Amino acid sequence: MTEKILVLAATGNIGKQLVHQLRTAGHSVRAGTRTPAAAEFPPDVQVVRAELSQPETLIDGLEGTDGVFLLWPLHTGAQLPKALDIIAEHTRRVVFLGTGGIPDLSFEEQEKLVHGCGIESVVIRPSTFAVNTLWWAKEIRIGDIVHGIHGELPMSLIHEADMAAVAARALIENGHAGATYTLTGPEVLTRAEQVRIIGEVLGRSLRWAELTRDQARQRLLADESFPDSFVEVLLDGYDKMMAAPRPVTTSTVADLTGRPARSLAEWVSDHRADFR
């Protein structure tokens, strides 16, 4: 059965993957973005304005849909309850990708809001995004050393295509309502090991250079693309991750999609051009 799905934050890494996968499977897709004029999608994808900081802008894109994919890219969750109320009034299913990037809403609070919104809901709890390694792309383009804090911090990085694949299943299949799915990549790697693997795929010898917290803070504050208000949140997050138990991988991607989660090396191969 063909479903009509609204994908919010559709121009982001996960959103673009999800639009592609849903189209490929034969479903009708609307792409919600704050800047429709700048969006580049095939002609059969309807692009609509959706500004999550102004939840009422979601209404037009929601009309006639069977489900919506919601990722919250804002650094405050103040408008999330209102956005969920509007979504619940206009569609029957929401798939929400949780994030640790909302300082005023823990993941557990996000999960409670989504599962309590009154319609079929699925929450996806992903491990660290593999795309975050693009933070190092500028350094890698100009040299062989990557600077950062907590080089021994272990993470399980997940490919955006795997998150999109799980989201697509949850959007178009029955039997997922009320579920919270924890997704990881297939391996646990320290940040220094991630740099090494990036180098191996690129055919280069890259190495990690450890910074102090103050040095890392100053580099982030000097980065015009990174919000100053999020600097301490990020650094505190790294400290908490270092103090937490070592990550454990899950088989959820394979269980739900029938395909093993993609490795970091596969992700780098897919994004090789971004490092050059």
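This passage describes the overall dimensions of the predicted model and then its helices, strands and selected single residues.

The model is a predicted one, in which local features require pLDDT of at least 70 and side-chain atom pairs count only at pLDDT 80 or more, whereas totals for chains, interfaces and linings use all residues. Residues are numbered from 1 along each chain as its sequence is written, and side-chain values use heavy atoms, with hydrogens and water left out.

The protein chain contains 11 helices and 11 strands, where helices (H or I, at least four residues) and strands (E, at least two) are DSSP runs numbered from the N terminus. Its radius of gyration, taken over C-alpha atoms, is 19 Å, close to the 19 Å that the globule rule gives for 276 residues, so the chain is as compact as a globular protein of that length; the rule in question is 2.2 Å times the number of residues to the power 0.38. Along the principal axes, the C-alpha atoms of the protein chain fill a box of roughly 50 × 40 × 35 Å. Of the 276 residues, 49% count as buried, a class defined by under 20% relative accessible area, with exposed meaning over 50% and partly exposed in between (1.4 Å probe, protein chains only). The accessible surface of the protein chain comes to about 12900 Å², of which carbon and sulfur atoms contribute 50%; areas come from the Shrake-Rupley method with a 1.4 Å probe, and for residues only the protein chains shown count as cover. Among contacts (heavy atoms within 4.5 Å) between residues at least 6 apart in sequence, 74% join residues at least 24 apart.

Helix 1 (residues 13-24) has 12 residues, which at 1.5 Å a residue should span 16 Å, and its end C-alpha atoms are 17 Å apart, in agreement with that expectation; the expected span is 1.5 Å times one less than the number of residues. The buried residues in helix 1 are Ile 14, Gly 15, Leu 18, Val 19 and Leu 22. Seen down the axis of helix 1, these buried residues fall within an arc of 135 degrees, so they line one face of the helix, the arc being that of the directions from the helix axis to the C-beta atoms. Their cover includes strand 1 (4-7), strand 2 (28-33), strand 4, strand 5 and helix 6 (160-172). In the loop between strand 1 and helix 1 lies Ala 9, which has a positive phi of about 55 degrees although it is not a glycine; at 25% relative accessibility, Ala 9 counts as partly exposed. Just after helix 1, Gly 26 takes a positive phi of about 90 degrees.

In helix 3 (residues 80-90), the buried residues are Leu 80, Ala 83, Leu 84, Ile 86 and Ile 87. Viewed down the axis of helix 3, they fall within an arc of 160 degrees, so they line one face of the helix. The elements covering them include helix 2 (59-62), strand 4 (67-71), strand 5 (93-97) and helix 4 (107-115). Ala 78, in the loop between strand 4 and helix 3, counts as exposed at 54% relative accessibility.

The 13 residues of helix 9 (residues 231-243) should span 18 Å at 1.5 Å a residue, which agrees with the 19 Å between its end C-alpha atoms. Val 231, Leu 234, Leu 235 and Tyr 238 are buried in helix 9, and, seen down its axis, the buried residues fall within an arc of 95 degrees, so they line one face of the helix. The face turned away from this buried side carries the exposed residues Lys 240 and Ala 243. Strand 8 (154-155), helix 7 (191-202) and helix 8 (213-222) are among the elements that cover the buried residues of helix 9.

In a regular strand the side chains alternate between the two faces of the sheet. Strand 7 (residues 145-148) has a covered face formed by Val 146 and Gly 148, and an uncovered one formed by Ile 145 and His 147. Strand 7 runs parallel to strand 11 (residues 207-210), to which 4 bridges join it, pairing being assigned if DSSP finds at least two bridges between two strands. Within this pair, Gly 148 stands opposite Glu 210 in strand 11. His 150, in the loop between strand 7 and strand 8, is a residue other than glycine with a positive phi, near 60 degrees.

Ser 121 is placed in strand 6 (residues 120-126) and counts as buried at 3% relative accessibility. Leaving aside neighbours within four places in sequence, Ser 121 is in contact with Val 94, Val 114, His 115, His 176, Ala 177, Gly 178 and Ala 179.
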